Amino acid sequence: MEEKDGSEIGREILSASRNELYMNLPYLDAALCALAFVPGGGITVSLATDGETLYYDGAWLAERYLRSGVWTCRAYLHVLLHCMLRHLAKKRGRIPELWDIACDAAVESILDGLDYPCLNAGPFPQKQKFYGECLRDMPVLTAEGIYRRLLRLNLPEYALAQLQRVFLVDDHGLWDMERQEGEEQSRRQDQRWQNISGKTQTGLETVLSDKGSGGEAVLEQVRAAVRDDVDYRAFLRRFAVPREVAAVDGDAFDYGFYSYGLRLYGNMPLVEPPETREEKRIEDFVIAVDTSMSTSGERVRQFLACTYAILRSTGTFTRKVNIRVLQCDDQIRADDVLHDLEDLRDYMERFRLTGGSATDFRPVFEHVAKLREAGTFTSLRGLIYFTDGMGIYPEKRTPYETAFILLGEPPLSVKIPPWAIRLVLEAPDLDRAVEQLPEEMDLSELPEL
């Protein structure tokens, strides 16, 4: 009987927390009703979820609620944000201890940025110190970005244990349980939360709470969570133009007439396969690199190395090309011309990042306009600009396709012009593009910047 009473009390506490959150954050309505409350699940000192159910211990929850109603609201929303940001599905293939810390820190950074009484737990210097250190490496505190930072730092066990004590709120032990029930169920669950996050994103963008409320912090991470994986190889091919190449075109060959000729004349076909075929190849192209102080040299190297390898693949690169690689911060720092594969290889071997001032995108477009007027380009299809997104953009639409490539979700303050393509790449997207390259292309030979 006591166990039943404890379960009912726990359910009432979670329901009250849910109602409180809904009154303050109505754009989370779909997420707030997505988890069923179930006592038990092997949970005795925390909350836990498997993506379908929120498990709790009634007696422990009641004791925490008597201490602070704020804690229960934060813990409930903490669990929901894990699901909305798809932390459960993204855990596979990562070091569990580091991924758990990264997810908890990312979610707590959102909660600490929401200015509501029901979530205000007061200042926590250790958390703020960690956030500040992470923000030096990334514009938005995402679990993926924090995880990469923890991997790079290779912290000792005592330091990781300290971070766990600072950010631990819920039990992640059930995150892998549903994987045992089948890939298809896991995929459906991940798609369900991606849809819920998409609805939340729409609600936030339509009626965004004022800046003091911190709704932007939720939107920034939700945008990153609902973003589909990017095929950078396919994206780069959109800048190719149709060109005839010397190769047999099997699709345009009529085997009917060929077979008829063999039957009619014995060994003389009426038609032969075409000796040329039309393929899309990259010829005139501009690659611009933001070399301002906010741009990481290692990220630029990763981007250029991947772009280099894709361009030199036989499917996109013609024998003779006209590619300009521009480096720019608030002015043009370098303009290199590439005409063939050998030029491209030499450029990658001697590439050095030049610049380090503020960011102004306009000089690149002014420079390209002068090149077009001088007849340097005959069929310029596009320009890609690798940047963190923060800078002064041109106001007028370009007569060619322009894409701003951002490695990682930028802050909401970054406003890409509506006429430009906005592509957000994560490090795994570039890694996946590299993995799909032919085996003979060894990017490890390329020099460090």
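In this predicted model, A36 finds its bridge partner T53 in strand β3. Strand β1, residues 36-39, runs parallel to β3 and is joined to it by 4 bridges, whereas β2, residues 48-49, pairs with β3 in the antiparallel sense over 2 bridges.

| Strand paired with β3 | Sense | Bridges |
|---|---|---|
| β1 (residues 36-39) | parallel | 4 bridges |
| β2 (residues 48-49) | antiparallel | 2 bridges |

Turning to the whole protein chain, there are 16 helices and 10 strands, and buried residues make up 51% of its 449 residues. The largest nonpolar core has 64 residues, and those with the most contacts inside it are L21, L77, L114, L119, F130, I146 and W193. Apart from its neighbours within four places in sequence, L77 is in contact with L21, L28, L111, L114 and L119. A second, separate core of 32 residues includes A309, V321, V325 and F351.

As to confidence, the protein chain averages a pLDDT of 78, and 72% of the residues score at least 70. Over residues 445-449 the pLDDT is below 50, although this stretch has 17 contacts in the model beyond near neighbours in sequence. Where pLDDT is low, the predicted coordinates should not be read in detail.

Definitions and conventions: Residues are numbered from 1 along each chain as its sequence is written. This is a predicted model: local features need pLDDT of at least 70, side-chain atom pairs count only at pLDDT 80 or more; totals for chains, interfaces and linings use all residues. Side-chain values use heavy atoms; hydrogens and water are left out. Buried means under 20% relative accessible area, exposed over 50%, partly exposed in between (1.4 Å probe, protein chains only). A nonpolar core is a set of buried Ala, Val, Leu, Ile, Met, Phe, Trp, Tyr and Cys residues joined through side-chain atoms within 4.5 Å. Contact means heavy atoms within 4.5 Å. pLDDT is the predictor's confidence in each residue, from 0 to 100. Two strands pair if DSSP finds at least two bridges between them.
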